[in-house]
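Subject: Structure handover

Hello,

Here is the structure for you to look through. My notes follow below it.

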Amino acid sequence: MPDSMPGSTPDPRAGAVPRGLTGLAFGGDYNPEQWPEHVWQEDVRLMREAGVTMVSVGIFSWALLEPAPGAYDFGWLDRVIDLLHENGVRVDLGTPTVVPPAWFYQAHPEALPVTADGVRLAFGSRGAICHSNSDYRAAAAAITTKLAERYAGHPALALWHVHNEYGVPVSACYCDTCADHFRRWLRTTYGTIDAVNEAWGTAFWGQRYAGFEQITPPRRTATVGNPAQALDYRRFADATMRENFVMERDILHRLSPGVPVTTNFMTALSQCDSVDYWAWGREVDLVTNDHYLITDGRRTHVNLAMAADLTRSVAGGAPWLLLEHSTSGVNWQPRNPAKAPGQMARNSLGHVARGSEGAMFFQWRQSRRGAEKFHSSMVPHGGTDTRVWREVVELGASVGALSEIRGTRTVSDVAVLWDWQSWWAQNLDWRPSEDADPRERADAFYEVLYDRHLTVDFAHPEADLSAYPLVVVPALYLMTEAAGANLRRYVEQGGTLVVSYFSGIVDEHDAVHDGPYPGALRDVLGLTVEEFSPLLQGETVRLTGPDGSELSGDVWTEFVVPRGAQPVWTYADGLAAGRPAVTRHRLGEGTAWYVSTRLGHEGLDALLGWAAEDAGVAPRADLPRDVEVVRRAGEQGTYLFAINHTGTDTKVPLETAGTELLTGERAAGHLAVPAGGVRVVRLDG
């Protein structure tokens, strides 16, 4: 197995808190270098007014900090950090290694990445880096060392922020330097060329290699290349970025002990697909995340909740930090609507409910120039006489009122299994249907759980699942034998498992498991699949239940053969007519459900309803749709967050009375939550 295959337990350092913060973090990316110094005084005055507690500084400042090779200018940064400290604002200090200066690329043009088509990208954007390039690594280590030596003892320093959004926009480079590095990675991972040939199945199409020197990155080929090679290259690219992070992190740990080190993730499946965050979560001291609403007509608050749950899970359940989101619209989508009044607070506190230790934004003051000048900010172009600024000030007060929740943990109900490496594998070329989209299934299953008012943890397929009465598998095309054994053990010991189609098919090398589908899941599901039968675009099939009721499926069907499982719903038409579509298998003390077609929201709700009954998981039927209720708990007590995404005032039933922290009012019997509002109750006892 490649050594990049992750486990599920973060490093014990995970869950560290920014040094010196006594409350939650509130603030944003601060780029004072874009403004004359007289504006800085106004900035800190407004920060005090808004209740800002921390800002991120220096992330894109390499060219200013090192204007020529080995010539450093820290004077302006000294003045900024001193000014922030004098005004009670903590600093998340960036290493600016996401944007090497123009002089660096002039001297080292080979540090610019090359695409799979052989095109070398040009300077003038951000994140254009060949992470295998030794000159880049040396320059990044040098600027990181200088920053750590200068600021390690500064009293304002709360957190080190390495690089920025690894994997966006470029994760993989295909140059000759990367080819050499890839060969070294393969030698370390597999040991021998025979092991590589076996893992990649190079007997197919005569691709066998006689030595490591014959291997190149998966560059553009005449037709589809070797899928196992492509999968390993994604692992290699991810591991190479992580090597560079670890290099900087270790410098900071050595020179600045006691200050946590992070880098900002983008865990939302809508935003980054090139980073294995299970592996990265073990390397940071504090998991942080950036999240931006994808305004594509979906319920954006569901995607937000999913991203927050996923981030908390990458942190192993420990508190994490939302390091970037937007006050209103962004600038990089085809259409960028403003947020509705109150939505900024709902978005921010939605992340806090699901484990974040604060709410940070990109950015503090809206840029007048550059690619992101239309991206919203805490201080917009219109200044302080704007709706956005007034909402920022109000939100700052709310975040300040919630300081006592620090260190508490979000309480979950169920688990969803997810693996970035399986996502990579399923999205390679020549799969049975391009409509079988793992992200779409993850979104769909999560939305049904959300609508049942169940709080979700995500877990790696090999993680300990014993704490969860219900585990859902939306899409796990790639599944190791160890993961399959883990799920069997989970069900045998009393768990309830729900698995969607095209899961358990291949091993970690993208080789089909020996024997019939679904490979690693045959035993736990109590069935085999003779053949996949994907549907054409627009085709649907009908499913009938034992009581004559009907459901509809699309995209995918299978010829399922029960081997102990009991049919629950049956295909009424299509090539699989008369065969099981949904099955239920009793195994040991538990139950495993399987669905072999793509169900819509109604069908998934029915399926998960049956599974929840098996698991003894009761939905919150007393809550309206789009009213979110989440709990955080710790030694200091239990806190209930109620977030009303509707336009109607509502009442949330309370089993225990308590004090609402944002208003100071007592609540008993029920909690009144205004339309579009948020309430947070410290429950008595």
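Is R249 buried or exposed? R249 is buried, with a relative accessible area of 7%. Buried means under 20% relative accessible area, exposed means over 50%, and partly exposed is in between (1.4 Å probe, protein chains only).

Some ground rules come next. This is a predicted model, in which local features need pLDDT of at least 70 and side-chain atom pairs count only at pLDDT 80 or more, while totals for chains, interfaces and linings use all residues. Residues are numbered from 1 along each chain as its sequence is written, and side-chain values use heavy atoms, with hydrogens and water left out.

On confidence: pLDDT is the predictor's confidence in each residue, from 0 to 100. The protein chain averages 96, and 98% of the residues score at least 70. Over residues 1–14 the pLDDT is below 50.

Now the salt bridges. Side chains of opposite charge can pair when their charged atoms come close. A salt bridge here is a side-chain nitrogen of Lys or Arg within 4 Å of a carboxyl oxygen of Asp or Glu. The structure holds 43 of them.

- R249 pairs with E283, at 2.7 Å from N to O. R249 sits in helix 8, and E283 in the loop between helix 9 (277–281) and strand 7 (288–290), 34 residues apart. Helices (H or I, at least four residues) and strands (E, at least two) are DSSP runs, numbered from the N terminus.
- D78 pairs with R150, their closest N and O atoms being 2.7 Å apart. D78 lies in helix 3 (residues 75–86) and R150 in helix 5 (residues 134–151), so the pair ties together parts that are 72 residues apart in sequence. R150 is partly exposed, at 43% relative accessibility.
- E628 pairs with R354, at 3.1 Å from N to O. E628 is in strand 23 (residues 627–634). R354 is in the loop between helix 11 (343–353) and strand 9 (356–361), 274 residues away. Both E628 and R354 are buried.

The axes of helix 6 (residues 176–190) and helix 8 (residues 227–255) come within 10 Å and cross at roughly 100°. Axes are lines fitted to C-alpha atoms, for helices over the stretch in contact, and angles run from 0 to 180 degrees between N-to-C directions. Helix 6 and helix 8 are therefore roughly perpendicular to each other (65 to 115 degrees). Residues that meet include W185 in helix 6 and F236 in helix 8.

Best wishes

Notes. Parallel < 35°, antiparallel > 145°, perpendicular 65-115°, else oblique. Contact = heavy atoms within 4.5 Å.
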